[in-house]
Amino acid sequence: MNQLLEFSPLIVFLVTFELLGTYWATAALMIACVLVLLVHRLRTGKFKTMHAVTAAVVLILGSATLLLHDVRFIQWKPTVLLALTAAAFLGSMVIGRQPLVRRMFEGVFNEPLAVSSRTWLAVNCLWAAWFALLALINIYVARNFTESTWVHFKVYGITPATMLFMFPQVLWLSGKTKPVQEAAPPTS
């Protein structure tokens with residue numbers, strides 16, 4: 001159910017684009033992002049940072065798209081969000097106790113991971129570079145291909161590419177788990 005909620009704005013955008021075009025899809029995306037933000041708030045009692053940032057960027061760029069009747073603004077949305085994500089990964093190296101990639105992956109595994117701090121920093125830099133690259137590719141596709149190609153790249157390209165990028169890292173990290181040591185029973 002959570003995954004459906006997370007992907008619902010993207011699904012709404014694609015379906016509306018296919019049926020009614022970019023401008024209707026942009027309006028639908030704006031509404032869907034606000035609804036996701038509110039539904040998460042109602043379910044958990046708090047706002048999720050990524051939802052709030054996404055909704056803000058979508059509302060700003062979506063409004064510009066609709067008011068100026070220029071699709072370039074909404075085409076910049078993935079680039080802005082991907083660049084902000086890259087910046088968050090880089091910023092986490094100096095702000096906070098652990099790099100963002102470490103917090104992300106350690107939350108997935110039940111056992112502790114035997115990975116050095118230096119390696120976490122390297123992997124974190126790799127993620128920052130990945131998102132920066134995707135940001136550049138998105139704007140390249142938006143400027144050099146049709147709207148339809150861009151929409152399909154946005155939907156079927158960015159998320160699967162990120163999953164493919166993450167898959168070998170998950171396999172590598174699964175070999176780095178160390179079993180939790182249970183405390184020995186006290187002897188009398």
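Is Asp 70 buried or exposed? With a relative accessibility of 16%, Asp 70 counts as buried; here buried means under 20% relative accessible area, exposed means over 50%, and partly exposed lies in between (1.4 Å probe, protein chains only).

A word on the ground rules before we go on. This is a predicted model in which local features need pLDDT of at least 70 and side-chain atom pairs count only at pLDDT 80 or more, while totals for chains, interfaces and linings use all residues. Residues are numbered from 1 along each chain as its sequence is written, and side-chain values use heavy atoms, with hydrogens and water left out.

**Salt bridges**

The structure holds three salt bridges, each defined as a side-chain nitrogen of Lys or Arg within 4 Å of a carboxyl oxygen of Asp or Glu. Side chains of opposite charge can pair when their charged atoms come close.

| Pair | Closest N to O |
|---|---|
| Asp 70 and Arg 72 | 2.6 Å |
| Arg 102 and Glu 106 | 3.0 Å |

Lys 48 sits in the loop between H2 and helix H3 (49-68) and Glu 6 in helix H1, so their pairing ties together parts that are 42 residues apart in sequence. Lys 48 is partly exposed at 34% relative accessible area, and Glu 6 is partly exposed at 32%.

Asp 70, our opening residue, has Arg 72 as its partner; Arg 72 counts as exposed, at 55% relative accessibility.

The remaining pair belongs to helix H5 (residues 100-106), where Arg 102 and Glu 106 are four residues apart and separated by about one helical turn. Arg 102 is buried, with a relative accessible area of 19%, whereas Glu 106 is partly exposed at 27%.

**Helix H1**

Glu 6 leads us back to H1. Helices are DSSP runs (H or I, at least four residues), numbered from the N terminus. H1 covers residues 2-20, 19 residues in total, and reaches 27 Å from its first C-alpha to its last, close to the 27 Å expected at 1.5 Å a residue; that expected span is 1.5 Å times one less than the number of residues.

At Ser 8, H1 bends by about 45°, and Pro 9 follows within four residues. The bend is the angle between axes fitted to the seven residues ending there and the seven starting there.

Which residues of H1 are buried? They are Leu 5, Pro 9, Leu 10, Phe 13, Leu 14, Thr 16 and Phe 17. These buried residues pack against helix H2 (22-44) and helix H7 (147-174), with contact meaning heavy atoms within 4.5 Å. Just after H1, Gly 21 takes a positive phi of about 100°.

Methods: Helices (H or I, at least four residues) and strands (E, at least two) are DSSP runs, numbered from the N terminus.
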